[in-house]
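Dear colleague,

I would be glad if you could read the notes with the model open beside them.

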Amino acid sequence: LDNSWIIKPWNLSRGRGTYVTSNLAMIVKLAYTSPKVVQKYIENPVLFFRGDIGRVKFDIRYVVLLKSVEPLKLYKYNVFWLRFANQAFALDEFDEYEKHFTVMNYNDATELKQIGDVEFLEMFEQQYPDHSWTEIDQKLCSMIKECFESAVSLPPPRGIAHSAQSRAIYALDMMLKWNGDKTEIVPQLLEVNFNPDNQRACQYHPEFYNHCLKTLLCEDVSGIPVTEIS
(Lines give C-alpha, C1' and ligand atoms only; values in the text may rest on other atoms or scores of the structure.)
Protein backbone atom coordinates (compact mmCIF):
# COMPACT_ATOMS: atom_id res chain seq x y z
CA LEU A 1 0.00 0.00 0.00
CA ASP A 2 1.49 3.33 -1.08
CA ASN A 3 1.42 6.04 1.60
CA SER A 4 2.80 9.07 -0.25
CA TRP A 5 1.25 12.52 0.17
CA ILE A 6 1.63 15.95 -1.42
CA ILE A 7 1.48 18.99 0.86
CA LYS A 8 0.71 22.43 -0.58
CA PRO A 9 0.32 25.90 0.94
CA TRP A 10 -3.29 26.95 0.67
CA ASN A 11 -2.49 30.33 -0.95
CA LEU A 12 0.62 29.91 -3.13
CA SER A 13 1.16 28.83 -6.73
CA ARG A 14 3.83 27.66 -9.20
CA GLY A 15 4.85 24.74 -6.99
CA ARG A 16 6.24 27.00 -4.28
CA GLY A 17 6.36 25.50 -0.80
CA THR A 18 5.07 22.13 -2.04
CA TYR A 19 6.44 18.82 -0.78
CA VAL A 20 5.94 15.15 -1.50
CA THR A 21 6.62 12.73 1.34
CA SER A 22 5.60 9.48 2.99
CA ASN A 23 6.95 10.70 6.35
CA LEU A 24 4.05 11.34 8.72
CA ALA A 25 6.23 13.32 11.12
CA MET A 26 7.19 15.71 8.31
CA ILE A 27 3.55 16.20 7.32
CA VAL A 28 2.61 17.08 10.90
CA LYS A 29 5.60 19.42 11.20
CA LEU A 30 4.74 21.26 7.98
CA ALA A 31 1.23 21.91 9.26
CA TYR A 32 2.71 24.17 11.96
CA THR A 33 4.43 26.48 9.46
CA SER A 34 1.26 27.78 7.73
CA PRO A 35 -2.12 26.43 6.62
CA LYS A 36 -1.64 23.51 4.26
CA VAL A 37 -3.67 21.33 1.92
CA VAL A 38 -2.70 17.65 2.10
CA GLN A 39 -3.67 15.37 -0.77
CA LYS A 40 -2.97 11.76 -1.57
CA TYR A 41 -0.11 11.66 -4.04
CA ILE A 42 -1.05 10.01 -7.32
CA GLU A 43 1.10 6.90 -7.33
CA ASN A 44 -0.24 5.44 -10.60
CA PRO A 45 -0.29 8.34 -13.08
CA VAL A 46 -0.75 7.92 -16.79
CA LEU A 47 2.70 8.77 -18.16
CA PHE A 48 3.87 10.38 -21.40
CA PHE A 49 6.80 8.91 -23.27
CA ARG A 50 9.57 11.39 -24.03
CA GLY A 51 12.08 9.76 -26.34
CA ASP A 52 15.05 11.49 -24.73
CA ILE A 53 14.04 10.65 -21.14
CA GLY A 54 11.43 7.92 -20.85
CA ARG A 55 7.97 7.98 -19.29
CA VAL A 56 7.32 11.19 -17.37
CA LYS A 57 4.53 12.79 -15.41
CA PHE A 58 2.42 15.41 -17.12
CA ASP A 59 -0.56 17.53 -16.23
CA ILE A 60 -3.23 19.30 -18.22
CA ARG A 61 -4.48 22.85 -17.74
CA TYR A 62 -7.96 23.75 -18.93
CA VAL A 63 -9.26 27.31 -18.88
CA VAL A 64 -12.87 27.48 -17.70
CA LEU A 65 -15.10 30.52 -18.14
CA LEU A 66 -17.84 31.10 -15.59
CA LYS A 67 -20.54 33.25 -17.19
CA SER A 68 -23.33 32.81 -14.68
CA VAL A 69 -23.99 31.19 -11.31
CA GLU A 70 -27.80 31.25 -11.35
CA PRO A 71 -28.30 29.46 -13.65
CA LEU A 72 -24.87 27.87 -13.86
CA LYS A 73 -23.37 28.66 -17.26
CA LEU A 74 -19.89 27.34 -17.84
CA TYR A 75 -17.60 27.10 -20.86
CA LYS A 76 -14.39 25.18 -21.46
CA TYR A 77 -11.79 26.77 -23.71
CA ASN A 78 -11.09 24.06 -26.26
CA VAL A 79 -7.34 24.64 -26.39
CA PHE A 80 -5.54 23.13 -23.40
CA TRP A 81 -1.96 23.33 -22.15
CA LEU A 82 0.46 20.61 -21.13
CA ARG A 83 3.26 20.61 -18.57
CA PHE A 84 5.85 17.85 -18.35
CA ALA A 85 8.34 16.58 -15.81
CA ASN A 86 11.96 16.41 -16.96
CA GLN A 87 12.88 13.05 -15.43
CA ALA A 88 11.38 9.57 -15.73
CA PHE A 89 8.75 8.94 -13.06
CA ALA A 90 9.30 6.62 -10.11
CA LEU A 91 7.97 6.58 -6.56
CA ASP A 92 11.29 7.58 -5.04
CA GLU A 93 13.52 10.64 -4.61
CA PHE A 94 10.60 12.84 -3.64
CA ASP A 95 12.94 15.81 -3.25
CA GLU A 96 13.91 15.55 -6.94
CA TYR A 97 11.83 18.43 -8.30
CA GLU A 98 12.11 17.64 -12.01
CA LYS A 99 10.89 14.08 -11.43
CA HIS A 100 7.78 14.85 -9.41
CA PHE A 101 6.76 18.35 -10.52
CA THR A 102 5.79 19.78 -13.89
CA VAL A 103 5.96 23.56 -13.37
CA MET A 104 9.16 24.50 -15.23
CA ASN A 105 8.24 27.81 -16.87
CA TYR A 106 9.31 30.06 -13.99
CA ASN A 107 12.91 28.86 -13.71
CA ASP A 108 15.33 29.69 -16.51
CA ALA A 109 17.71 26.96 -15.31
CA THR A 110 15.31 24.11 -16.13
CA GLU A 111 14.20 22.77 -19.49
CA LEU A 112 10.67 23.69 -20.51
CA LYS A 113 9.16 21.03 -22.75
CA GLN A 114 6.60 22.55 -25.08
CA ILE A 115 4.05 20.46 -26.98
CA GLY A 116 0.83 21.91 -28.37
CA ASP A 117 -2.48 20.22 -27.67
CA VAL A 118 -2.99 19.01 -31.26
CA GLU A 119 0.47 17.43 -31.44
CA PHE A 120 0.00 15.98 -27.95
CA LEU A 121 -3.27 14.28 -28.91
CA GLU A 122 -1.63 12.59 -31.89
CA MET A 123 1.25 11.35 -29.73
CA PHE A 124 -1.01 10.31 -26.85
CA GLU A 125 -3.25 8.19 -29.07
CA GLN A 126 -0.17 6.55 -30.56
CA GLN A 127 1.08 5.71 -27.07
CA TYR A 128 -2.35 4.62 -25.77
CA PRO A 129 -4.28 3.35 -28.82
CA ASP A 130 -6.83 1.51 -26.65
CA HIS A 131 -7.96 4.72 -24.93
CA SER A 132 -9.98 7.29 -26.85
CA TRP A 133 -9.24 10.92 -26.01
CA THR A 134 -12.87 11.74 -26.82
CA GLU A 135 -13.95 9.55 -23.90
CA ILE A 136 -11.27 11.04 -21.64
CA ASP A 137 -12.40 14.56 -22.57
CA GLN A 138 -16.00 13.67 -21.71
CA LYS A 139 -14.86 12.53 -18.28
CA LEU A 140 -12.86 15.75 -17.84
CA CYS A 141 -15.89 17.86 -18.74
CA SER A 142 -18.10 15.92 -16.31
CA MET A 143 -15.54 16.46 -13.57
CA ILE A 144 -15.34 20.20 -14.28
CA LYS A 145 -19.11 20.48 -14.23
CA GLU A 146 -19.38 18.61 -10.92
CA CYS A 147 -16.67 20.82 -9.42
CA PHE A 148 -18.54 24.03 -10.18
CA GLU A 149 -21.93 22.58 -9.28
CA SER A 150 -20.45 21.90 -5.87
CA ALA A 151 -18.85 25.36 -5.69
CA VAL A 152 -22.18 27.14 -6.26
CA SER A 153 -24.34 24.79 -4.19
CA LEU A 154 -23.87 26.72 -0.93
CA PRO A 155 -24.27 30.44 -0.22
CA PRO A 156 -21.19 32.62 0.33
CA PRO A 157 -18.72 32.59 1.97
CA ARG A 158 -18.72 28.79 1.48
CA GLY A 159 -19.87 29.00 -2.12
CA ILE A 160 -19.58 31.30 -5.14
CA ALA A 161 -22.12 34.13 -4.93
CA HIS A 162 -24.50 34.99 -7.74
CA SER A 163 -24.03 38.41 -9.35
CA ALA A 164 -25.56 39.30 -12.69
CA GLN A 165 -22.62 41.61 -13.45
CA SER A 166 -19.86 39.16 -12.54
CA ARG A 167 -17.81 36.91 -14.79
CA ALA A 168 -14.73 34.83 -13.97
CA ILE A 169 -11.82 32.98 -15.58
CA TYR A 170 -10.44 29.88 -13.87
CA ALA A 171 -7.66 27.45 -14.71
CA LEU A 172 -8.09 23.83 -13.65
CA ASP A 173 -5.00 21.65 -13.39
CA MET A 174 -5.64 17.96 -13.86
CA MET A 175 -3.79 14.68 -14.21
CA LEU A 176 -4.78 11.30 -15.53
CA LYS A 177 -4.36 8.16 -13.46
CA TRP A 178 -5.06 4.46 -13.87
CA ASN A 179 -7.79 2.61 -12.05
CA GLY A 180 -6.85 -0.34 -9.86
CA ASP A 181 -6.29 -2.88 -12.63
CA LYS A 182 -4.97 -0.33 -15.17
CA THR A 183 -7.81 -0.88 -17.60
CA GLU A 184 -9.37 2.60 -17.38
CA ILE A 185 -7.96 6.12 -17.42
CA VAL A 186 -9.47 8.31 -14.70
CA PRO A 187 -9.13 12.12 -14.55
CA GLN A 188 -7.98 13.62 -11.26
CA LEU A 189 -8.47 17.27 -10.32
CA LEU A 190 -5.35 18.77 -8.74
CA GLU A 191 -6.36 22.36 -8.10
CA VAL A 192 -8.47 25.29 -9.27
CA ASN A 193 -6.84 28.68 -9.90
CA PHE A 194 -8.82 31.92 -9.94
CA ASN A 195 -7.55 34.67 -12.27
CA PRO A 196 -4.64 32.49 -13.48
CA ASP A 197 -1.42 33.45 -15.23
CA ASN A 198 -2.32 33.29 -18.93
CA GLN A 199 0.93 34.56 -20.40
CA ARG A 200 1.62 31.31 -22.26
CA ALA A 201 -1.95 31.21 -23.58
CA CYS A 202 -1.57 34.69 -25.05
CA GLN A 203 1.88 33.91 -26.43
CA TYR A 204 0.72 30.95 -28.50
CA HIS A 205 -2.89 32.03 -29.08
CA PRO A 206 -3.01 35.84 -29.52
CA GLU A 207 -6.82 35.81 -29.72
CA PHE A 208 -7.13 34.07 -26.34
CA TYR A 209 -8.50 37.01 -24.34
CA ASN A 210 -10.71 38.14 -27.23
CA HIS A 211 -12.24 34.67 -27.23
CA CYS A 212 -12.66 34.71 -23.45
CA LEU A 213 -14.26 38.15 -23.30
CA LYS A 214 -16.61 37.45 -26.21
CA THR A 215 -17.72 34.24 -24.49
CA LEU A 216 -18.26 35.93 -21.15
CA LEU A 217 -19.92 39.13 -22.42
CA CYS A 218 -21.73 38.21 -25.64
CA GLU A 219 -24.64 35.89 -26.27
CA ASP A 220 -23.39 34.53 -29.61
CA VAL A 221 -20.32 32.32 -29.15
CA SER A 222 -20.38 30.79 -32.64
CA GLY A 223 -16.90 30.62 -34.15
CA ILE A 224 -15.22 30.80 -30.75
CA PRO A 225 -13.25 27.70 -29.65
CA VAL A 226 -15.27 27.00 -26.51
CA THR A 227 -17.61 24.24 -25.39
CA GLU A 228 -20.54 24.82 -23.04
CA ILE A 229 -20.41 22.22 -20.29
CA SER A 230 -23.35 23.23 -18.10
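A disulfide is taken here as a pair of cysteine sulfur atoms within 2.5 Å, and by this rule the count comes to zero disulfides. Cys212 is in no disulfide, since the nearest cysteine sulfur, that of Cys202, is 8.1 Å away. The sulfur of Cys218 is 12 Å from the closest cysteine sulfur, in Cys212, which is too far for a bond. For accessibility, buried means under 20% relative accessible area, exposed over 50%, and partly exposed in between, with a 1.4 Å probe and protein chains only. On that scale Cys212, at 0% relative accessibility, counts as buried, whereas Cys218, at 35%, counts as partly exposed.

Before the rest, two points on the source. This is a predicted model, in which local features need pLDDT of at least 70 and side-chain atom pairs count only at pLDDT 80 or more, while totals for chains, interfaces and linings use all residues. Residues are numbered from 1 along each chain as its sequence is written, and side-chain values use heavy atoms, with hydrogens and water left out.

Turning to the pockets, a pocket is an open set of points on a 1 Å grid over the protein atoms alone, where a 1.4 Å probe fits, with protein on both sides within 12 Å along at least five of seven lines; lining residues have an atom within 4 Å of a point. Grid points are joined across faces, edges and corners, and a volume is the space filled by probe spheres set on the points. The largest pocket holds about 1,000 Å³ of space, and of the 47 residues that line it, the closest to its centre are Arg61, Arg83, Val103, Asp173 and Glu191. Helices (H or I, at least four residues) and strands (E, at least two) are DSSP runs, numbered from the N terminus. Strand β10 (185-194) is among the elements that each supply at least two residues of this lining, and β10 gives the largest share, six residues.

The second largest pocket holds about 160 Å³, and its lining includes Phe80, Trp81, Asp117, Arg200 and Tyr204. The elements that give two or more residues to this second lining are β8 and α5.

As for the aromatic rings, those of Phe, Tyr and Trp (its six-membered ring) pair if their centres lie within 6.5 Å, and planes under 30 degrees apart count as stacked, over 60 as edge-to-face and the rest as tilted. The count comes to 21 aromatic pairs. One of them, between Phe80 and Phe120, is edge-to-face, at 6.2 Å centre to centre with 90 degrees between the planes. Phe80 lies in the loop between β7 and β8 and Phe120 in helix α3, so the pair ties together parts that are 40 residues apart in sequence. Both Phe80 and Phe120 are buried, and ring pairs link them into a cluster that also includes Phe84, Phe124 and Trp133.

Finally, the backbone has some details to look at. A cis peptide bond joins Glu70 and Pro71, with omega about 0 degrees, and Pro71 is placed in the loop between β6 and β7. Another cis peptide bond joins Pro156 and Pro157, with omega about 10 degrees. Lys182, found in the loop between β9 and β10, has a phi near 60 degrees, a positive value in a residue other than glycine, and is exposed, with a relative accessible area of 55%.

With best wishes
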